[in-house]
Amino acid sequence: MHYKNLAVELARRGLNKAGLTTKLNENGIKVSYSTLCRQLRGESDIPFAQACEMGKILESDPQYLLKEDR
């Protein structure tokens with residue numbers, strides 16, 4: 001995964017990428033599992049609204065979550 005902090009927060013909350021996809025869709029962010037995987041590998045951009053919702057779901061600052069691990 002391209003975003004180490006996001007991986008840590010997912011694990012801390014017992015979520016995986018499929019679970020995150022489900023929670024995003026439940027909260028109005030329509031994204032498929034394959035699209036989320038591409039985003040998390042850094043192959044495509046993560047929309048601002050989606051980043052904010054991920055922050056709410058994981059109770060973390062989106063900027064912290066999406067700090068690139070390079």
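This is a predicted model: local features need pLDDT of at least 70, side-chain atom pairs count only at pLDDT 80 or more; totals for chains, interfaces and linings use all residues.
Q: How many helices and strands does the protein have?
A: The protein has five helices and zero strands, in the order α-α-α-α-α from the N terminus. Helices (H or I, at least four residues) and strands (E, at least two) are DSSP runs, numbered from the N terminus.

Q: Why does the protein count as compact?
A: Its radius of gyration is 11 Å, close to the 11 Å that the globule rule gives for 70 residues, so the protein is as compact as a globular protein of that length. The radius is taken over C-alpha atoms, and the rule is 2.2 Å times the number of residues to the power 0.38.

Q: What box do the C-alpha atoms fill?
A: Along the principal axes, the C-alpha atoms fill a box of roughly 30 × 25 × 20 Å.

Q: Turning to helix 1, which residues are buried?
A: In helix 1 (residues 4–12), the buried residues are Asn5, Leu6, Glu9 and Leu10. They cover an arc of only 135° around the axis, which puts them on the same side of helix 1. Buried means under 20% relative accessible area, exposed over 50%, and partly exposed in between (1.4 Å probe, protein chains only); the arc is that of the directions from the helix axis to the C-beta atoms.

Q: Which exposed residues are on the face turned away?
A: That face of helix 1 carries the exposed residues Lys4, Ala11 and Arg12.

Q: What do the buried residues of helix 1 pack against?
A: They pack against helix 2 (17–26), helix 3 (33–40), helix 4 (48–58) and helix 5 (62–65). Contact means heavy atoms within 4.5 Å.

Q: What follows helix 1?
A: Helix 1 is followed by Gly14, whose phi is positive, near 70°.

Q: And the segment before helix 1: is Tyr3 buried or exposed?
A: Tyr3, found in that segment, counts as buried at 8% relative accessibility.

Q: Which residues is Tyr3 in contact with, leaving aside neighbours within four places in sequence?
A: Tyr3 is in contact with Gln39, Leu40, Ile46, Leu65, Leu66, Lys67 and Glu68.

Key:
Residues are numbered from 1 along each chain as its sequence is written. Side-chain values use heavy atoms; hydrogens and water are left out.
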